[in-house]
Amino acid sequence: MTMRGWFAVVLHLLCTVISVRSDSSDHKYTVGDETYRYFDLPFCSPAHMKEKKEALGEVLNGDRLVSAPYKLDFLQDKDSQIVCKKTLSKKEVVQFRKAIIKDYYLQMYYDDLPIWGFLRKVEKEGKSDPNEYKYYLFKHLHFEIFYNLDRVIEINARTDPNAHVDLTEDKENDFVKYAHDEETADDQEETGWKYIHGDVFRYPKYKSFFAAALGSGTQLFTLTVFIFILALVGVFYPYNHGALFTALVVIYALTSGIAGFTASAFYCQLEGTNWVRNLLLTGSLFCGPLFLTFCFLNTVAISYSATAALPFGTIVVIFLIWALVTSPLLVLGGIAGKNSKSEFQAPCRTTKYPREIPQLPWYRGTLPQMAMAGFLPFSAIYIELYYIFASLAAEDHEWWWRSFLCGGSTGLFIYSYCLYYYYARSDMTGFMQTSFFFGYMACICYGFFLVLGTVGFRAALSFVRHIYHSIKCE
């Protein structure tokens, strides 16, 4: 029985987001997210390179697999075998030095079991000046395969530290400059809330945008719940490559009807009339910024020849999913929401003319409350409800947007932490790593903003309905 392995055509930085290490001296984390094809480095390439056909999730994950030059026959031991010989040019030596100094490692798959191996060895002992470091490239791999009956259960790849090539010569002329360029980088009465029972359920400004934000947030919240459920039942096991990305795309497309229904139904409850425009706003509120970010970052990945750049065929598939699944379900959900004929259940009658809002202290404004509500995420709901109640006690009945923004402000704090993490705790360098980190984290934090804003508003709405339900209004 012959079992051929697949050689991962990705080169990851030594510590990815999944595998993070910290240096004992400065406790800085080394994090990277660049992946490249294996043969982008000047290794010996086989005469006939067979590429593996990846699924959608694998492509989104940056996987590009080709057949390896190693033939490992089942139950057949091999002492040693030369795969190829190659003389490196000066340019190729420089390429390998760059990979060594940036701690690249290689990844392989054998019978769908992952294998990781290192490219290099760096001798730093007794040398304080980086210019005196020694750089070596491994040229031998030793495979250990463990099996049970006719099944492979584990495989390891080890390198021979004595079988290496010295790549230290002339590094001052070409690599040190490259490394240097990369590294330069006030109390109110508690009864005051009763006086605004005729205004507290007055509809908010920009109600179409508000309903669209609730619809998008509800969809993303549902997406999160489904992902957690799939994770609990074991769908995302370690060797199911790209399953998470595939699930995100498919579930997001299938839950677009929830966004359309929620946004359209709530917009009609607020007596909105232009439900078509509201539906268009709902469909573009999250997808629009995500699409613009993707276009920019994919262009960056293409310029770096990184595997994170999606092929044209994959982009077409995602577009077809959006055009044939996401958009129709969004429209159908919007039509169902428009025809639901549900009314906004307000326990108090809204007066014809709004009551004037008294002058509030600066710390009762929207922005200070957003900062306080999002500062401690684990107590965000408590702080939010406290300040919503304080606003009502101060006879401020414009609480709708404030409840949404206070709940969603946690997303802004998460992004602020990303800024701190990038500058203080990571060693990410280069325009590509920086743009990918901040670009995709902005999309993720924006999703958090919509989800938590929706939860915050729903919680505040239930609270306000409860306290005003018992008021007797003439």
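The following exercises, each with a worked solution, concern a predicted model.

Residues are numbered from 1 along each chain as its sequence is written. Local features need pLDDT of at least 70 and side-chain atom pairs pLDDT 80 or more, while totals for chains, interfaces and linings use all residues; side-chain values use heavy atoms, without hydrogens and water.

**Exercise 1. Determine where serine 426 lies, whether serine 426 is buried or exposed, and which backbone oxygen its side chain reaches.**

Step 1. Serine 426 belongs to the loop between helix H12 (400-425) and helix H13 (430-469); helices (H or I, at least four residues) and strands (E, at least two) are DSSP runs, numbered from the N terminus.

Step 2. The relative accessible area of serine 426 is 6%, so serine 426 is buried (buried is under 20%, exposed over 50%, partly exposed in between; 1.4 Å probe, protein chains only).

Step 3. The side chain of serine 426 reaches the backbone oxygen of tyrosine 422 at 2.9 Å.

**Exercise 2. Classify the ring pair of phenylalanine 286 and tyrosine 446, and that of phenylalanine 296 and phenylalanine 431.**

Step 1. Rings of Phe, Tyr and Trp (its six-membered ring) pair if their centres lie within 6.5 Å; planes under 30 degrees apart are stacked, over 60 edge-to-face, and the rest tilted. The structure holds 32 aromatic pairs.

Step 2. For phenylalanine 286 and tyrosine 446, the centres are 5.9 Å apart and the planes at 15°, so this pair is stacked. Because phenylalanine 286 lies in the loop between helix H7 (275-285) and helix H8 (287-303) and tyrosine 446 in helix H13, the pair ties together parts 160 residues apart in sequence. Phenylalanine 286 is buried at 11% relative accessibility, whereas tyrosine 446 is partly exposed at 24%.

Step 3. For phenylalanine 296 and phenylalanine 431, the centres are 6.1 Å apart and the planes at 90°, so this pair is edge-to-face. Phenylalanine 296 in helix H8 and phenylalanine 431 in helix H13 are 135 residues apart.

Definitions and conventions: A polar contact is a pair of N or O atoms within 3.5 Å; within protein, one must be able to donate a hydrogen and the other to accept it, and residues adjacent in sequence count only if both atoms are side-chain atoms.
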